[in-house]
Amino acid sequence: METARVLVAADKFKGSLTAVQVAERVTAGLRRVVPGLAVETLPVADGGDGTVAAAVAAGFERREARVTGPLGDPVTAAYALRDSTAVVEMAEASGLQHLPDGVFAPLTATTYGSGELLRAALEAGATTIVFGVGGSATTDGGAGMLAALGARFLDADGKPVGPGGGPLAELAEADLSGLDPRLADVDLVLASDVDNPLTGPKGAPEVYGRQKGASEEDIAVLDAALTHYASILGPDTAALPGAGAAGGIGYGALVALGARFRPGIEVMLDVLGFAPALARATLVITGEGSLDEQTLHGKAPAGVAAAARAAGIEVVAVCGRLALPPEALEKAGIRRAYALAELEPDPAVSMAQAGPLLERAAEAIARDFLQS
């Protein structure tokens, strides 16, 4: 019988465990049943929050920079660097985690700090930048990011427009001639699990504005302002897939920085070295906090399962809560899912005790799949 070798390639359990902690707990549970089991861990992310942490766990160096937060205050943001490849996570600079509880600024939150973080990666010598976008507090179409990289956005009086998406309604001229010249020699990859356009019924303000504190009136203002902004930066560009990612920062990256859009999990699996790790495995364990309909649309477990299935390697999943029927799991390439909710039905207790519960779930996996 072939010697079992398990690859644990799971995302974080949001609010409970980081992807690294998930891997540690799964490994502990597996080895409690099968001592000495060969386990390789590769924490994964899909471009959203946790992307830098996944890169660092895979051997990238963690770097930090002081940048402008979404409300204009300075924040410390991390990026990851290995050789000439940087992984930059916009949420580190411009994410919802930088907003005080209950404080939102849907019309004025800025991505300026994301541009400063990209600039830090350029200054560190990066020639390939994976730009993971998601979890943003902003809806400014990436205007703040571009301003930090040297663009100028002026009103009819020749004065800079204010920060955020709302003031873009006053935009009269977009001058991109001052953009950092080093950008021309960089392969910038926009990594996102979101392919929304910039505006309209499926655009950034309408689909994601409410989670950033936008009222219905704010959403209308932002949609009109971003439509105007796009008309100045380039006709027919607002519908680009990925333009609506992270409050439209995808738009700024695609249109002004020459970024190319790729599904976040695909990019991250490449960057993290998933293919060689997969080749060494006989069983893959993936997962995230909630396995649900969203999982099937570009989230990390779906990407991991698709790659493993293509290689003919069996996949099981762990999760906090399971909201997919067996046929949907099978279609995604997941043989079986083990949910913490099956062990502890109280969600609050399950989240608080996620670590020990995950070890118990891993023990069950070991008994079901690794014992002859």
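Biologist: Does Glu40 count as buried or exposed, and at what relative accessibility?

Modeller: A residue is called buried under 20% relative accessible area, exposed over 50%, and partly exposed in between, with a 1.4 Å probe and protein chains only. At 18% relative accessibility, Glu40 counts as buried. Before going further, note that this is a predicted model, in which local features need pLDDT of at least 70, side-chain atom pairs count only at pLDDT 80 or more, and totals for chains, interfaces and linings use all residues. Residues are numbered from 1 along each chain as its sequence is written, and side-chain values use heavy atoms, with hydrogens and water left out.

Biologist: Where does Glu40 lie, and which residues is Glu40 in contact with?

Modeller: Helices (H or I, at least four residues) and strands (E, at least two) are DSSP runs, numbered from the N terminus. Glu40 belongs to strand 2, residues 38-41. Contact means heavy atoms within 4.5 Å. Leaving aside neighbours within four places in sequence, Glu40 is in contact with Arg5, Val6, Leu7, Val8, Ala277 and Arg280.

Biologist: Which residues touch the most other members of the largest nonpolar core?

Modeller: In soluble globular proteins, nonpolar side chains tend to be buried together. A nonpolar core is a set of buried Ala, Val, Leu, Ile, Met, Phe, Trp, Tyr and Cys residues joined through side-chain atoms within 4.5 Å. Here the largest one has 51 residues, and Ile129, Phe131 and Tyr229 touch the most other members. Helix 8 gives the most to this core, with seven residues. Apart from it lies another core, of 41 residues, among them Val52, Ala277, Ala300 and Leu329.

Biologist: What does Phe131 touch?

Modeller: Not counting residues up to four places away in sequence, the residues that Phe131 touches include Val88, Met90, Leu118, Met145, Leu190, Ile249 and Ala253.

Biologist: How is a helix with a buried side to be read, and which residues of helix 7 are buried?

Modeller: An α-helix has 3.6 residues a turn, so residues three or four places apart point the same way. In helix 7 the buried residues are Asp218, Ile219, Leu222, Ala225, Leu226, Tyr229, Ala230 and Leu233. Seen down the axis of helix 7, they fall within an arc of 140° (the arc of the directions from the helix axis to the C-beta atoms), so they line one face of the helix. On the other side of helix 7, Glu216 and Glu217 are exposed. The buried residues pack against helix 5, strand 7, strand 8, helix 6 and helix 8.

Biologist: What span does helix 7 reach from its first C-alpha to its last?

Modeller: The expected span of a helix is 1.5 Å times one less than its number of residues. Helix 7 covers residues 216-233, and its 18 residues reach 26 Å, close to the 26 Å expected.

Biologist: Which residues of helix 11 are buried, and what covers them?

Modeller: In helix 11, residues 300-310, the buried residues are Ala300, Pro301, Ala302, Gly303, Val304, Ala305 and Ala308. Their cover includes helix 9, helix 10, strand 11, strand 12 and helix 12. Just after helix 11, Gly312 takes a positive phi of about 75°.
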